[in-house]
Amino acid sequence: NTGSENQTVQVWARDHIDADGYGGSGSAAGLAGVGATVDVTVIRNTVTAFIGQYAVVNAENSGSGGNVNVLAEAFRDVASYVVAASGGGTVGVGAAVSIISIGAALSADMQSNLGNGATAGFVDGRISSDLLSPQNMGTTSYGSTTDAYVSSRTSTLNVSSYLNDTSLNKTQAYIGANSTVTADNNISVTATDSTKVIASANGAAISTVGLGGGVAVVILKSTTEAFVDDNAQLSANGTILLSATNHEQSNAPISVQALGGGAGAIGAGAAVAYLDVDNTTRAFIDTGARILKATALTLTATDNNLLDVDALGVSAGAAGGIGASVARAAVIGWVQASLGDSVQVSNVGTLDISAIWNTSADARAIAGAIGIGASASGAVAIASVTPVIQAYIGNTATVQTTGAITLSAISSSYA
């Protein structure tokens, strides 16, 4: 009897984050009412699937096997909904703040526009305060011990360190340096980053002087890479595919919405909605690697962004009203598909290297004020898209194919 091999080698890393934040506050007082709600979500993670350095992998096939698959997937579904309302006989203040940070810090520009760090400082003060005072817990030994314990834990809580420090958010699939991978069928290296984000902040106040503010901030920074590292060697009787993709989930836009409304003898409403996106998406074969055989060699890097930002600041006041809103959607990105320097490709049917960028960014700001006395309103909406798209073959690389060689760098942007 003779044995036969039918193997598929699969290395798979998958991360799925589903985070929903909800917050609401209300206040009413004879003299003054203050309602404030803050929701902060910070995500920093790395998803990696790889075949290590100097590894030797051989997937043999006598049937449907013979494949080598390296797959890294990251899925993030994040939502934040905050509402703050207040009413006071003389002064009413309603402030709602929603911040979502995935793999990024608050930029200097954003901090300046949000009060030069005041937003993060305000949040720190809210979450680190000790609400269990001796008056609430009593003077018993148990009450004092409990208060001291809670105080020691809450005093160090903060978000500013997370929002100000550089952070990581990477999804990587790769074959390591100096490794040898052989497949009787196909070799695929695939990295996918899929994100859905909704942030909504609504602040309203009704009083003699009504001040309502909503601030919604979303910062996204990611790196998605599928690659073959230095001096690795690959051979396949079928195809070799490297694919890196960053995209929104289910064609749903990244959505940021802020509403600020104030009403009274004097009303003021302010809304700020910010969305910053910085993506790096790469599919590449690095320096000195060798592709010895494949019916087709394909490298594809794709970045899709669908962004929607809305800010609405409205006010109504008998004596006067002030309405202001700012909406910004800013996207920068680097999409690269490439063969590195000194890469050798031989016995390959076709070679296709593609870098693709698709982005639609909408920013809308509406401000309105109604008053018998002086009224003023202002609205600013900014949308910017700044990509770098590259598809190339590096210096001193050698490529031998029996079919077509295609290089394409495609950009489609709307703002």
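Contact here means heavy atoms within 4.5 Å, and among contacts in the chain between residues at least 6 apart in sequence, 85% join residues at least 24 apart.

**Figure 1. Overview of the predicted model.** The chain holds five helices and 16 strands. Of its 415 residues, buried ones make up 47%. The accessible surface of the chain amounts to about 17500 Å², and carbon and sulfur atoms account for 53% of that area.

**Figure 2. Strand E6 and its pairing with strand E3.** Strand E6, which spans residues 169–175, is largely enclosed by the rest of the structure, because six of its seven residues are buried. Strand E3 (residues 45–51) pairs with E6 in the parallel sense, and seven bridges link the two. Within this pairing, Ala49 is placed opposite Ala173 of E6.

**Figure 3. Asp15 in strand E1.** Asp15 belongs to strand E1, which covers residues 8–29. Once neighbours within four places in sequence are set aside, the contacts of Asp15 are with Asn45, Val47, Glu73, Ala74 and Phe75. The C-alpha atoms of Asp15 and Thr171 lie 9.4 Å apart in space, although 156 residues separate the two in sequence.

**Figure 4. Strand E4 and its partner E7.** Strand E4 (residues 56–59) presents a covered face, made by Val57 and Ala59, and an uncovered face, made by Val56 and Asn58. In a regular strand, side chains alternate between the two faces of the sheet. Strand E7 (residues 180–183) runs parallel to E4 and is joined to it by four bridges. Ala59, on the covered face of E4, stands opposite Ala183 in E7.

**Figure 5. The largest nonpolar core and a second, separate one.** The largest nonpolar core contains 71 residues, and the members that touch the most others are Ile187, Leu234, Ile240, Ile285 and Leu297. Strand E12, running from residue 290 to residue 339, gives the most to this core, contributing 14 residues. In soluble globular proteins, nonpolar side chains tend to be buried together.

**Figure 6. The surroundings of Ile187.** Not counting residues up to four places away in sequence, Ile187 touches Val68, Ile175, Val181, Leu234, Ser235, Ala236, Thr239, Ile240 and Leu241. Two of these partners, Leu234 and Ile240, are listed with Ile187 among the residues of the largest core that touch the most other members.

**Figure 7. Asn347 in strand E13.** Asn347 is part of strand E13, which covers residues 344–371. With a relative accessibility of 57%, Asn347 counts as exposed. Its contacts, residues up to four places away in sequence being left out, are Leu292, Lys293, Ala294 and Gln400. Ala296 is 51 residues away from Asn347 along the chain, and the C-alpha atoms of the two are separated by 9.5 Å.

**Figure 8. A nonpolar patch on the surface.** Tyr392, Ile393, Ile405 and Leu407 form this patch, and together they have about 310 Å² of accessible area. Strand E14 (374–393) and strand E16 (405–414) each provide at least two of the patch residues. Tyr392 is found in strand E14 and is partly exposed, with a relative accessible area of 33%.

Notes: Residues numbered from 1 in each chain as written. Predicted model: local features only at pLDDT ≥ 70, side-chain atom pairs only at ≥ 80, totals over all residues. Heavy atoms only, no water. Buried < 20%, exposed > 50% of the residue type's maximum accessible area, 1.4 Å probe, protein only. Pairing = 2+ DSSP bridges. Core = buried A, V, L, I, M, F, W, Y, C linked by side-chain atoms within 4.5 Å. Areas by Shrake-Rupley, 256 points an atom, 1.4 Å probe, with all protein chains shown as cover. Patch = residues over 30% accessible without salt bridge, like charges linked within 9 Å, V, L, I, M, F, W, Y side chains within 5 Å. Salt bridge = Lys/Arg side-chain N within 4 Å of Asp/Glu carboxyl O.
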